[in-house]
Amino acid sequence: NGSLPPGDAAASAPLGGRAGPGGGAEIQPLPPLHPGGGPHSSCCSAAAAPSLLLLDYDGSVLPFLGGLGGGYQKTLVLLTWIPALFIGFSQFSDSFLLDQPNFWCRGAGKGTELAGVTTTGRGGDMGNWTSLPTTPFSTAPWEAAGNRSNSSGADGGDTPPLPSPPDKGDNASNCDCHAWDYGIRAGLVQNVVSKWDLVCDNAWKVHIAKFSLLVGLIFGYLITGCIADWVGRRPVLLFSIIFILIFGLTVALSVNVTMFSTLRFFEGFCLAGIILTLYALRIELCPPGKRFMITMVASFVAMAGQFLMPGLAALCRDWQVLQALIICPFLLMLLYWSIFPESLRWLMATQQFESAKRLILHFTQKNRMNPEGDIKGVMPELEKELSRRPKKVCIVKVVGTRNLWKNIVVLCVNSLTGYGIHHCFARSMMGHEVKVPLLENFYADYYTTASIALVSCLAMCVVVRFLGRRGGLLLFMILTALASLLQLGLLNLIGKYSQHPDSELQLKLAVGMSDSVKDKFSIAFSIVGMFASHAVGSLSVFFCAEITPTVIRCGGLGLVLASAGFGMLTAPIIELHNQKGYFLHHIIFACCTLICIICILLLPESRDQNLPENISNGEHYTRQPLLPHKKGEQPLLLTNAELKDYSGLHDAAASGDTLPEGATANGMKAM
């Protein structure tokens, strides 16, 4: 289970992390090398290992710099919060740029025009595309899904939503038109759909445009994560800022939907680099007790961007102006080249001690610290190690570990499930099958989703404080599974029993009551499901950032964030197929929640623990029981002093050495 042998565990005690209130995991360093050979020896001598004091960043280097008490560290944390507002604008811009408006054939004799009717685009720019089956409905994972209409004969100021997607025959009759008028609900006079007439036979191109941003994010997380572990966080952040300015501003100058979708892919790629590196830098700046709250503050700032987006759209009125206004604030981040340093934790973990020394002196100068305050002797030890060559690691090295890869895979599946099933709950609450007057308005849909996410983050702060990372993730996953299973099973059960009444009067009453009860239950379960699934996705990403070693932290974060992107990608895929397979989609993710509940129990607890710096640290997280045992009760899991290293036993058996006296084949003492 990743524990150390008794002798090695005792030798590594100075670097062990502090145990949390719930009896969490302990982070232990690489076991001391035995010069005499044997199963624990290596081709390198003990002198090749760096000083243990320098590897204990949270226990020695960070206290020497004053933790978060120094003014310079506080400034750097603030600089990681500010861009979260711009990131929030970019992440939720699709809800406005690609919103499917109400539309009708121009000159069809519509009685009362809708507020915000725009001019029509020209369909001649689409001649190079192949026409696919029509899908006039769109349901982004963060926005309301219903309330769209493509009826050319609607009248009145409010066009009612269609009860279900029209079949192909209806589209053929309603779409027999060459010019359209639009009623855009998202506060804009013109958006991408109205500019290039992406309705009827061209409606599928809207989903392709949504694909482009999400696919760009997925590839960006995977690639920039690996690069940030190899060349550093700061270069990836700065180059991502430069290129998002280039591609983001060019998006506003798109001449057709093909150019728009292509540039949005590269915009998403660069946005992923900014999100990933800022997340890692934020985590690596903080001491153990402050990591979660500082990360949650950044989440609240991003949500502020989500809440402000409708006002920004109403202010801009045109999608091109809105796109430019979203990207232009990133110009301020160009100043980060001169004011934001490289991650000191990453420099120390990769043994770049020359650069680390210069940065430590920069920190002490900015904080006006007295060098005599170096009680533990960090600087003298650093002077001895200046001649070392850097040792960088790629995320693919995790494949050779026994425990670390399992933890990352479990969190990837949790992230995929949380963000994937979130769309199922959103569609159930705001889709066409639930007819609630409050949810028939774009702004009500949008702010309902945003409010649920805000409440979810507030609940995370409370739950994680008392239950820890693993306990909180388990609780939210159980709530997600219950909401999903009850929505799929209980609502069908209500409908089943309503079909077998004793009389005709009971039949009428049962049918009416059944529809009303099913709608209310569906809304209730959907709200609980959206609340819990959002917490599952967010907490999985944070959990991964804590248990992944510094040398591969960005690569591990990239895997989990890319899994979240795949979960979000299921929403436009279902829409592209005109909601076909939605029920099966929900069932698959409901089954995944049950699997995740079991797998979460295999994760270690990272609350109040030092961050692992190298792969050996991350590999030696020990899993503790979810609930601490009572006094006088025999624990079910053995302590570190009672465990043996399985790999050592196998190596000893292979070399013909005899096992120590009192040891058995499974590493337990003979009683």
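Trainee: Which helices are included in what covers the buried residues of H3?
Mentor: Buried means under 20% relative accessible area, exposed over 50%, and partly exposed in between, with a 1.4 Å probe and protein chains only. Those buried residues are Tyr 57, Asp 58, Gly 59, Ser 60, Val 61, Leu 62 and Phe 64. Their cover includes H2 (52-55), H10 (257-285), H11 (291-316), H14 (344-349), H15 (353-367) and H16 (378-384).

Trainee: What pLDDT do local features need here?
Mentor: Residues are numbered from 1 along each chain as its sequence is written, and side-chain values use heavy atoms, with hydrogens and water left out. This is a predicted model: totals for chains, interfaces and linings use all residues, side-chain atom pairs count only at pLDDT 80 or more, and local features need pLDDT of at least 70.

Trainee: Which side chain does the side chain of Ser 343 make a polar contact with?
Mentor: Ser 343 sits in the loop between H13 (336-339) and H14, and at 7% relative accessibility it counts as buried. Leaving aside neighbours within four places in sequence, Ser 343 is in contact (heavy atoms within 4.5 Å) with Arg 233, Leu 281, Glu 284 and Leu 359. A polar contact is a pair of N or O atoms within 3.5 Å; within protein, one must be able to donate a hydrogen and the other to accept it, and residues adjacent in sequence count only if both atoms are side-chain atoms. At 2.5 Å, the partner is Glu 284.

Trainee: How are Phe 243 and Phe 247 paired: stacked or edge-to-face?
Mentor: The model has 15 aromatic pairs, where rings of Phe, Tyr and Trp (its six-membered ring) pair if their centres lie within 6.5 Å, and planes under 30 degrees apart count as stacked, over 60 as edge-to-face and the rest as tilted. With 6.3 Å centre to centre and 25° between the planes, Phe 243 and Phe 247 are stacked.

Trainee: And how many residues apart in sequence are the parts that Phe 476 and Phe 531 tie together?
Mentor: First, for Phe 243 and Phe 247: they lie in helix H9 (residues 233-251), four residues apart, about one turn. Phe 476 and Phe 531 form an edge-to-face pair, 6.0 Å centre to centre with 70° between the planes. Phe 476 lies in helix H18 (residues 442-497) and Phe 531 in helix H19, so the parts that the pair ties together are apart in sequence by 55 residues.

Trainee: How far apart are the C-alpha atoms of Phe 543 and Leu 557?
Mentor: Phe 543 lies in helix H19 (residues 504-547), and at 0% relative accessibility it counts as buried. Beyond its neighbours within four places in sequence, Phe 543 has contacts including Leu 411, Arg 469 and Leu 603. Phe 543 and Leu 557 are 14 residues apart along the chain, and their C-alpha atoms are separated by 9.5 Å.

Trainee: What share of the residues of the protein counts as buried?
Mentor: The fold comes to 23 helices and three strands. Among contacts between residues at least 6 apart in sequence, 83% join residues at least 24 apart. Of the 671 residues, the buried share is 55%.

Definitions and conventions: Helices (H or I, at least four residues) and strands (E, at least two) are DSSP runs, numbered from the N terminus.
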